[in-house]
Amino acid sequence: MRYIVSMDAQEAGERQSNDPRRYVVIGGGLAGLAAAVWLAEAGKQVTVLERRTRLGGRTQAMRVPEVGDVPDNGQHVVASGYRSLFRYLESVGTREYVQFPGGGTLRWPGGRAVPLRTSGIGALRTVLGAHPDAGLLDRLRALRATARLGREALFQPADLADLTTAQWFQRVGMPAKAREALWDWLALGIAAEPVDRESAKIFADVLATGIRIGLRDRVGVTIGYPTVDLDTLYITGAERVFEKYGVRVRFRTLARRIVVTEGAVTGVVLDDGTEIPADAVVCAVPNTGIHGLLDDLPEHAEIYAAADKLNVTPIVSTNLYLDRPLATKSAMEALIGGTGVIDEVFDRQRMHDRDPGGSWLYCLTTSGAYEQIHKSNDEIIEEQVALIRRYYPEAAEANVVHAHVVKMPKATFSQVVGTDGLRPDQRTSVPTLMLAGDWTRTDWSATMESAAQSAERAVAALLAHAAIR
């Protein structure tokens, strides 16, 4: 097995711990990393089990040797209300690498662009009149519909879980231009599902969370992005924490079952049949990987059924290297009416202060990529480059230096109609066994904040249990 820290460091961590109990975290994605970091900070002996050869899960940088670059496996954005995620970034020392520019750009075919403001009075203008062709009547209707959306998000009608987001928008009277310019795109970004599939309840819950944060902090929730690659943002800092506290990481280690004896965790059975001792476990795996792990848990059948019903949503990301710039207006640009080919374009030169060196990098993302996920890389690239040329006149003569397609068929759990209430709590009937991951019950949809918040709640529950023993 490979270990991320030396045995000397592990022994040092054990010596400084006042708790002889052994805490095991299954899964090295963001939820698992956050749980391990916070348990270690609390002075616990922690072992992380990761089935792959590296940490990060669905959050990682990827080397592209053809251009000597290290892009990400998909561009992430961050909301200013992500309290748990910011706590994690503070713990690993990378909070400074998230920037909030206050907006982006909405772009239509032909190059027509409108500023997308996410803070201050500009945010109100975006909500009411983002579409360049919106007239006064459209804006007044958008104001009334937006007010009703907010009211119904905070005080939700009983039938909201039975509606798609598109049906909800129609019911509140959201004008077509407002939906085209903002709301359909925003809903897609929140739940990674097209509005005619997405659960209105999911969108309403996130909207309500944003409103409550805004009222509490007296400032609107705005959108930002990392200024470094995802490894630097999420992983390398965690590795430093692990080394400091003696956290042990076992790579290529597949957990098969969490052993529960007389109502308490006693170990974890591995794929090779061996069992490692454990006094407490945070199971931080995706909903697609939960089967078998909880067989000793009385409620395992219900959790497995929920995991299956939540299903998966695909996302396709392309790191597109061009021989010339696109003349973007901002670091983040939404392609309005991208017809499921590209939702957003991220200018990595602006975001990371990247020196092009002859190849300009643009990260293209497609959420809810049900059609693209089954196409070949060449088909995806051809389709996306054609769309880029429709939206950016400067791309008419651009040549593709290299294109790096990342298909994620299981990018997130699905958030369609019928999934409300399925997400399990972090606590289980066994007080030393916790669940974590963005698919468990949190205040957010499938986001990095949801992963971090789930870990925070799982760790808090374990620490509270340890304190009373």
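This is a predicted model: local features need pLDDT of at least 70, side-chain atom pairs count only at pLDDT 80 or more; totals for chains, interfaces and linings use all residues.
Residues are numbered from 1 along each chain as its sequence is written, and side-chain values use heavy atoms, with hydrogens and water left out.

**Exercise 1: overall form**

Work out how the radius of gyration of the chain sits beside that of a compact globule.

Solution. 
- Start with the rule: the radius is taken over C-alpha atoms, and a globule gets 2.2 Å times the number of residues to the power 0.38.
- For 469 residues that gives a value near 23 Å, and the chain has 23 Å, so the two agree.
- Now look at cover: 59% of the 469 residues count as buried. Buried means under 20% relative accessible area, exposed means over 50%, and partly exposed is in between (1.4 Å probe, protein chains only).

**Exercise 2: helix α13**

Find how many residues of α13 are buried, and which residue of α3 pairs with Glu456.

Solution. 
- Helices here are DSSP runs (H or I, at least four residues), numbered from the N terminus. Helix α13 covers residues 448-467.
- Of its 20 residues, 14 are buried, so α13 is mostly covered.
- Glu456 forms a salt bridge with Arg87, with the closest N and O atoms 3.0 Å apart. A salt bridge needs a side-chain nitrogen of Lys or Arg within 4 Å of a carboxyl oxygen of Asp or Glu.
- Glu456 lies in α13 and Arg87 in helix α3 (residues 83-92), so this pair links parts of the chain 369 residues apart.
- Both ends are partly exposed: Glu456 has a relative accessible area of 23%, and Arg87 has 36%.

**Exercise 3: a pair between loops**

Are Asp69 and Arg354 buried or exposed?

Solution. 
- Their side chains meet in a salt bridge at 3.4 Å, N to O.
- Asp69 sits in the loop between β2 and β3, while Arg354 sits in the loop between α11 (348-352) and β16 (360-367), 285 residues away.
- Asp69 is buried, at 15% relative accessible area. Arg354 is buried too, at 16%.

**Exercise 4: around Val77**

Which residues is Val77 in contact with, leaving aside its neighbours within four places in sequence?

Solution. 
- Val77 is in the loop between β2 (45-49) and β3 (78-79).
- Contact means heavy atoms within 4.5 Å.
- The partners are Tyr82, Ile223, Gly224, Met332 and Phe346.
- Val77 is partly exposed, at 32% relative accessible area.

Definitions and conventions: Helices (H or I, at least four residues) and strands (E, at least two) are DSSP runs, numbered from the N terminus. The expected span of a helix is 1.5 Å times one less than its number of residues.
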